[in-house]
There are 2 protein chains.
Amino acid sequence: MVQTVKQFQVDKVDGGTILTPGGYQAGGFHSGLRYKKRDFGLLMSDVPASVAAVYTQSHFQAPPLKVTQESIEESGKIQSVVINSAVANACTGKQGLENAYQMRKMIADRFQIQESYVAVASTGVIGEQLPMDKITYGCEHVEITNEDAPYFQEAILTTDTCQKSTCYQLQIDGQTVTIGGAAKGSGMIHPNMATMLGFITTDAAIESDVLQKALSQSIERSFNQITVDGETSTNDMVLAMANGKAGHDTLTEDHSDWEAFRHGLQLVCEDLAKQIARDGEGATKLIEVNVSGAQTNDDARVIAKKVVGSSLVKTAVYGHDANWGRIVGAIGHSEAHVNPEACDIYIEDQLVFSDGTPCAFSEEQATEDMSNDKVVIEIRLHEGDGEGTAWGCDLTYDYVKINASYRT
Amino acid sequence: MVQTVKQFQVDKVDGGTILTPGGYQAGGFHSGLRYKKRDFGLLMSDVPASVAAVYTQSHFQAPPLKVTQESIEESGKIQSVVINSAVANACTGKQGLENAYQMRKMIADRFQIQESYVAVASTGVIGEQLPMDKITYGCEHVEITNEDAPYFQEAILTTDTCQKSTCYQLQIDGQTVTIGGAAKGSGMIHPNMATMLGFITTDAAIESDVLQKALSQSIERSFNQITVDGETSTNDMVLAMANGKAGHDTLTEDHSDWEAFRHGLQLVCEDLAKQIARDGEGATKLIEVNVSGAQTNDDARVIAKKVVGSSLVKTAVYGHDANWGRIVGAIGHSEAHVNPEACDIYIEDQLVFSDGTPCAFSEEQATEDMSNDKVVIEIRLHEGDGEGTAWGCDLTYDYVKINASYRT
């Protein structure tokens, strides 16, 4: 990865969340969908915000996503996101669609905003109808403040073992602009939006179509480059809101600070994506695969993702085994252009494969390197300038345990 | 799958092997590559045989495969296949290529046949040079008879837990023609030839180019439709020999018995492929996914393979969990055309999903069905006439155990 933080003066805000940007409130509480944990959340902007979103590419897209898309298409803005966990409202037919509309309406009525200013999201088991008594209770009683980001973050989790949030700041026209993010996702994480939700807030002033472009670009190099198990779900979405509270002139692609904003957004997406990969079901560590020297960036990304998604690479990393052969296997299997003789492979700092054959390296050092909670694999193809990175996690006994017993 | 056995009078030969067709000998013994197990094998036809082969599509194709391709290109026939297990002779550079040539030469010299009549195969760890003293010992001492198919079958195994063989017979011009097969493969099994070797012998009289066509077609619907873990290896090959010993007129595509032969070959490939899938690393059962009603056969095959390769479906089957949601997830994620509302899903005899929503079904019955050593998932898309089948296995603790500790 090219480290762009300094270049554009984008700074990480320690402890920052989706509520660090000006003009947002959020909350989460227990509405009764789960046994004990928080299960219902709400995110609200003081004013209608520009919006961008990317959705699952599953053929079986869930009703809440359809309603959200409709909201965004209708008004080009949103002000609020309502979400429940436990029940995904997917594969629920017409009743499911009506329930998602009902959720939207209840929030709109309570906060006296247009229905089309409300986005809806659900996550959890699929094929079950939402228990509308509990959803109604949630819509009527969820409280929002400008401090309760952790409650929101908790309410959106499913098999996740931890909350995921991040925040970056940058300058636009000399004004401080903040971008915060929250996400969930643990299993079924693969390209193009797997069981994963991401919410990004910013106080930047930017039109929805420009925000959409920046978000789509960022996602291509972040959320779409993580994989836990190669699966995609019915409910996934990343949604960004920009409420303009920072007060600078509306940002466009011609603006001198455009690249700073774009990179800030990229870093927020990347940070959340990595947190999701690290928290993959049963995972003990984050795997990062960097590919350089590919013919194109696309080729580099394809290879990086193939390697990080390989079951054999994942089990080898779990076993602290510097198994260059499985990396070779995964690269060899990709559709991207590769010259086997010109390919160098590093595990952390050690060159393990070069000139088409394995290199002498310290197994001891490798085992030690791979005992860390992050393992970096670097692949240099010497074919061109294409670069790409992907993130994943190891494959463990616990992944099998979690998934041999968890009903969708 | 369309059951074509009766239609074309193709009969399974119980206990039949690669030595059931007339004019073949084989053997396998311990040459010292492994600690104790047989590790060196030889297959020989009495006369030069027509030949067809399909190779791994990995960018890192191993030297023995290059030598085999060269043999076949040079003479269009082969008479012998020499193989060792334990060391794959992959990622071994120029030295590896010289060693593979040397193996070919030693067999040619000993049996006084052209070098280009010898095919070479290796399987095992990659990145290590062949110990040529032991290979030489193997080439000089391996014995062949017309009864020792099990020794050959054992010598080619790696992490396999059992030998794989099959045999079918049919009539051509009133003459009995036999097709036998042996295979190995357990992990790294995925499309387009994964760590998998298949050897097919027949006494049919057929030219190499016609045999190649029939083999390629058969593989598309058999070996290329199995997956254990989505991985592909450097050494995979399926090779078919036809020595003409059955004595009928040379078979062409215009021959009235052509379809019988083609289907016999298909059944041999399918049988071997299923045996490999069932013996996937750590597997407890075979999963078969049948897709019908797709827009095209290609679409059907893509979906079947996506479902059977899904980690979440595989873990659910391991847990005897009739988890239709994960099947929906995998279908939804495929690039093939799918109308979610028109898709019916069966687990064994029970309809579990229809009209875009789950159906009421007996969980008890489903759990019982899924306790068998074969589980059939059927998907009807109601979009067209496309059909396809794929085979795989469940994902278990043992898969992780085997692969967290086994060095390539």
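In chain B, helix α5(B) passes helix α6(B) in a right-handed crossing, meaning that the near helix is turned clockwise from the far one by less than a right angle. Helices here are DSSP runs of H or I with at least four residues, strands are E runs of at least two, and both are numbered from the N terminus. This is a predicted model, in which local features need pLDDT of at least 70 and side-chain atom pairs pLDDT 80 or more, while totals for chains, interfaces and linings use all residues. Residues are numbered from 1 along each chain as its sequence is written, chains are lettered from A in the order in which they are written, and side-chain values use heavy atoms, without hydrogens and water.

Let us stay with that helix pair. Helix α5 (residues 208-220) and helix α6 (residues 258-278) of chain B pack at about 50°, their axes 9 Å apart; axes are lines fitted to C-alpha atoms over the stretch in contact, and angles run from 0 to 180 degrees between N-to-C directions. α5(B) is therefore oblique to α6(B), the class left once angles under 35 degrees (roughly parallel), over 145 (roughly antiparallel) and 65 to 115 (roughly perpendicular) are set aside. Where the helices meet, with contact meaning heavy atoms within 4.5 Å, α5(B) brings residues including B:L211 and B:L215, and α6(B) residues including B:W258 and B:F261.

Now turn to chain A. There the axes of α5 (residues 208-220) and α6 (residues 258-278) come within 9 Å and cross at roughly 50°, again in a right-handed crossing. Among the residues that meet are A:V210 and A:I219 from α5(A), and A:L265 and A:C269 from α6(A). By class, this contact has nine nonpolar, three polar and one charged residues (Ala, Val, Leu, Ile, Met, Phe, Trp, Tyr, Cys and Pro count as nonpolar, Asp, Glu, Lys and Arg as charged, the others as polar).

A:K12 lies in strand β1 (residues 11-12), 259 residues from A:D271.

Finally, look between the chains. 55 residues of chain A contact 55 of chain B, with zero salt bridges between them.

Technical notes. Salt bridge = Lys/Arg side-chain N within 4 Å of Asp/Glu carboxyl O.
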